[in-house]
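Morning, everyone. I'll walk through one model today, sheet first, then helices, then the core. Please look at the structure as we go.

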Amino acid sequence: MKIRVNRDVLADAVAWAARVLPSRPVTPVLSGLLLEAGDGLSLSAFDYDVSARADVDADVAEAGRVLIPGRLLAEISRSLPEEDVEIVTEGQEAVLTCGTAEFGLITMPVEDFPTMPTMPPAIGAIGGGVFASAVGQVAPAASRDDTLPMLTGIRVDVDGESVTMAATDRYRIAAREFGWRPVAPGTAVSAMVPARVLVEVARSLRGGEVRVALGDGVAGFESVGRSTTVRLLDEQFIDYRGRLTSQWSIRADVRVAPFVAAVKRVALVAERNTAIRLSFSRGQVLIQAGGGDIGRGAEVMDCELRGDDIQIAFQSQFLLDGLTGVETELVGIHMESPTRPALIQDVPGDADPAFRYLVMSLRLT
């Protein structure tokens, strides 16, 4: 193999593909990046659960395949000078030349690299911005506890031209609904996709559309020359819709941006896992925290309250995750009592809210 490729293009593609490399591979070849030169250059990584492939333009003088230690290649490629990179295979070495810098990397047996999974059939497409926004809104509610795999995923429910993403860690539920273009009218399907994979896909988007594929227990995502496949989780999930459509006797509307800023300021004196207390009354909300060994903080903001006065408390980060997911100017906070969960959602005028976030309250002391 003999190729020449732009240094920035190579470094970007290597970094993107290398993100799925396992930290403790079950076999050494899974720590490698597969480089394949043909019409251009493709870089692939696979750990039996997640695969990533990036296709980039390159001048190919001699086609071929080579397997190179992925993390080392990522470190080298981002440290190279601002010149084109030439990669040539010579025996058991892949020689990288960039300006006056040269590296000879020992290659791995390419024949031992597992066969990359094929992309399942496409079921629809969505704008990259909407996709990234939706993932960013619901992913914070997914659990990081791998002992309960169901809670580490994002539920994706497709119903015709509408898609809902939802996640929960048992302490909160986040859901976002958006429109998309299905391949076939009336498509109805559900899947549980690992949240960490969706987050990585969303981070890598650079505009355009995301094509979503699904089939045989695998989900696939393609955008701008990059593709990812991932093995799906068990489809078991809670009835999140029923919990997000309860009746609420109290509602407070607050301007999102200043509310978030105030909560962050007051939370500076909140010790770890202690509560942010919100006291809603006519025309205002009092935000309080602290009172222990560090100190205390308080701030008052305007709000519109419908229903009785109420004082309710939340874990600060859980509250902020919900508030920062709201994309409208106002946030609606629906409450029933200090001991019941509260619903945070968009206030989109006459339309139904696209984002809903149910969060458990903390006991007031």
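Start with an open sheet of four strands, in the order 22-21-20-24, paired antiparallel. Strands here are DSSP E runs of at least two residues, helices are H or I runs of at least four, and both are numbered from the N terminus. Two strands pair if DSSP finds at least two bridges between them. The edges are strand 22 (296-302) and strand 24 (310-315), each pairing on one side only. From one strand to the next, the twist averages 20°.

A word on the source: this is a predicted model, where local features need pLDDT of at least 70, side-chain atom pairs count only at pLDDT 80 or more, and totals for chains, interfaces and linings use all residues. Residues are numbered from 1 along each chain as its sequence is written, and side-chain values use heavy atoms, with hydrogens and water left out.

Now strand 24. Six bridges join it to strand 20 (residues 275-281), and the two run antiparallel. Leu278 has Ile312 as its bridge partner in strand 24. For Ile276, the partner there is Phe314. Is strand 24 enclosed or open? Five of its six residues are buried, so strand 24 is largely enclosed by the rest of the structure. Buried means under 20% relative accessible area, exposed over 50%, partly exposed in between, with a 1.4 Å probe and protein chains only.

Next, helices on the sheet. Helix 6 (residues 256-266) packs there, touching strand 20, strand 21 (284-290) and strand 22. Its direction makes about 170° with that of strand 22. Helix 7 (residues 316-324) lies across strand 20 and strand 24, at about 100° to strand 24. Axes are lines fitted to C-alpha atoms, for helices over the stretch in contact, and angles run from 0 to 180 degrees between N-to-C directions. Contact means heavy atoms within 4.5 Å.

Elsewhere, helix 1 (residues 7-18) and helix 2 (residues 70-79) pack at about 150°, axes 9 Å apart. They are therefore roughly antiparallel to each other, a label for angles over 145 degrees. Among the residues that meet are Leu10 and Val14 in helix 1, and Leu73 and Ala74 in helix 2.

Last, the core. The largest nonpolar core has 102 residues, and those touching the most other members are Leu35, Phe131, Phe221, Phe259, Leu278, Phe280 and Ile287. A nonpolar core is a set of buried Ala, Val, Leu, Ile, Met, Phe, Trp, Tyr and Cys residues joined through side-chain atoms within 4.5 Å. Apart from it lies another core, of ten residues, including Tyr240 and Leu343.

Key. Angles under 35 degrees count as roughly parallel, over 145 as roughly antiparallel, 65 to 115 as roughly perpendicular and the rest as oblique.
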